[in-house]
Amino acid sequence: MQVEYCASGIFLPEIELWLDNTEPCGATWISHGHSDHARGCHGLVIGTSATLRIYRMRLWLPENEKEPEMRPLEFGETTEWHGAALTAYPASHILGAAQLLIEFRGERLVYTGDIKLRPPLRGEQTEPVPCDRLIIESTFGLPVYRLLDRDEAAAQIVSFARNCLEEGATPAFVGYALGRGQEIVSVLCDAGITTAVHGAIAKFIPIYQEHGYGFPGWEPYEARSTAGKALVVVPSHGNSLEASGKNVRFAYVSGWAALDNARSRSGAERLIPYSDHADFAELLSLVEQCRPKRIDVVHGYTVPFARILQARGWDAAAPQRASAHTSIEAEG
Ligand SMILES: [Zn+2]
């Protein structure tokens, strides 16, 4: 199958479908709700219903612009698209995140989007999909990245919070607005710890609740009332908390916390190396379970990870992204 790597996304010209196109286009698959994937006012978007729900929340429509047509594709469902069969599979990244299997003229192509292999703290677990060609990300595609599994991450989150509270300090967890933030809140709430949540994270909690995840006892964050509570905030808010002079102790929950220099970069006392992306060993395991004939590495440590795969006998490459999409211009 022809695959074109463009600055704004990946294009499959034979079936006129984009993958995670960030610029307005005719039709795109959206792998998950993070803002570097779920954006742009397109003619039609295909994704899981959770992803479409988040995409709609993010959508800013110019005046007189009509809302994109949205076609939900749930895990395990197949839909026909311009002679191809499209099937969604879970990706363990954030709620609703999906891989896309595209079957076209006897070839099976899988686009992972952002993915990890192990089960997430909250969300669906990846199913490796055997394929001929695998387009995979490599955010943590170097051997130095070894991340915690979900149970160990949850235990470290809860013990840090309890220790701080017992010592009269306020534990603050810095997480991304969508995904990590809700995971940390849900873990703390399930452990019975009252948790105050920054608005940028709180606004996505109802979507997780709709999918069955509990957040008993969470509260909106209020600067005047933090005593006896754990805080979950976004990185930009962490700085103002630090400057507030209160007895706040920070934990940094991130894949980047696998490296010692994360302590000085984040200013956090506790590093908890947990991510919604696969670590190095998981990426290798995923490749081995998919058994592709060809691998395209598209995000993160693309060149070194492709070389590592080549050294292990895989046909792997790190395609360069073109700055402009010539086919679209030709259609002009
Ligand atoms: Zn993502």
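Two residues are in contact here when they have heavy atoms within 4.5 Å of each other. By that rule, among contacts in the protein between residues at least 6 apart in sequence, 59% join residues at least 24 apart.

A word on how to read what follows. This is a predicted model, in which local features need pLDDT of at least 70, side-chain atom pairs count only at pLDDT 80 or more, and totals for chains, interfaces and linings use all residues. Residues are numbered from 1 along each chain as its sequence is written, and side-chain values use heavy atoms, with hydrogens and water left out.

**The whole protein**

Let us start with the overall picture. The protein has 10 helices and 19 strands; these are DSSP runs numbered from the N terminus, with helices being H or I of at least four residues and strands E of at least two. Its C-alpha atoms fill a box of roughly 65 × 55 × 35 Å along the principal axes.

Of the 332 residues, 55% are buried. Buried means under 20% relative accessible area, exposed means over 50%, and partly exposed lies in between (1.4 Å probe, protein chains only). The protein exposes about 14,000 Å², and carbon and sulfur atoms supply 48% of that area. Accessible areas come from the Shrake-Rupley method with a 1.4 Å probe; for residues, only the protein chains shown count as cover.

**Some residues to look up**

Here are a few residues with their accessibility.

| Residue | Relative accessibility | Class |
|---|---|---|
| Trp 18 | 5% | buried |
| Phe 11 | 6% | buried |
| Ala 268 | 6% | buried |
| His 37 | 9% | buried |
| Arg 307 | 55% | exposed |

Arg 307 sits in helix α9, residues 302-311. Between Arg 307 and Val 158 there are 39 Å from C-alpha to C-alpha, and the two are 149 residues apart in sequence.

Ala 268 belongs to the loop between α7 (262-266) and β17 (270-272). Beyond its neighbours within four places in sequence, Ala 268 is in contact with Phe 250, Ala 251, Tyr 252 and Arg 263. Val 253 is 15 residues from Ala 268 in sequence, and their C-alpha atoms are 9.6 Å apart.

His 37 is in the loop between β4 (27-29) and β5. Not counting residues up to four places away in sequence, His 37 touches Asp 20, Asn 21, Ile 30, Ser 31, His 32, Tyr 111 and Asp 114.

**Helix α1 and its partners**

Helix α1 spans residues 49-58, and its buried residues are Ala 50, Thr 51, Leu 52, Ile 54 and Tyr 55. These buried residues pack against β5 (44-47), β6 (69-72) and α5 (205-210).

**Aromatic rings**

The structure holds 9 aromatic pairs. One is formed by Phe 11 and Trp 18, which are tilted, with 4.7 Å from centre to centre and 35° between the planes. Rings of Phe, Tyr and Trp (its six-membered ring) pair if their centres lie within 6.5 Å; planes under 30 degrees apart count as stacked, over 60 as edge-to-face and the rest as tilted. Elsewhere, ring pairs link Phe 140, Tyr 145, Trp 256 and Tyr 301 into a cluster.
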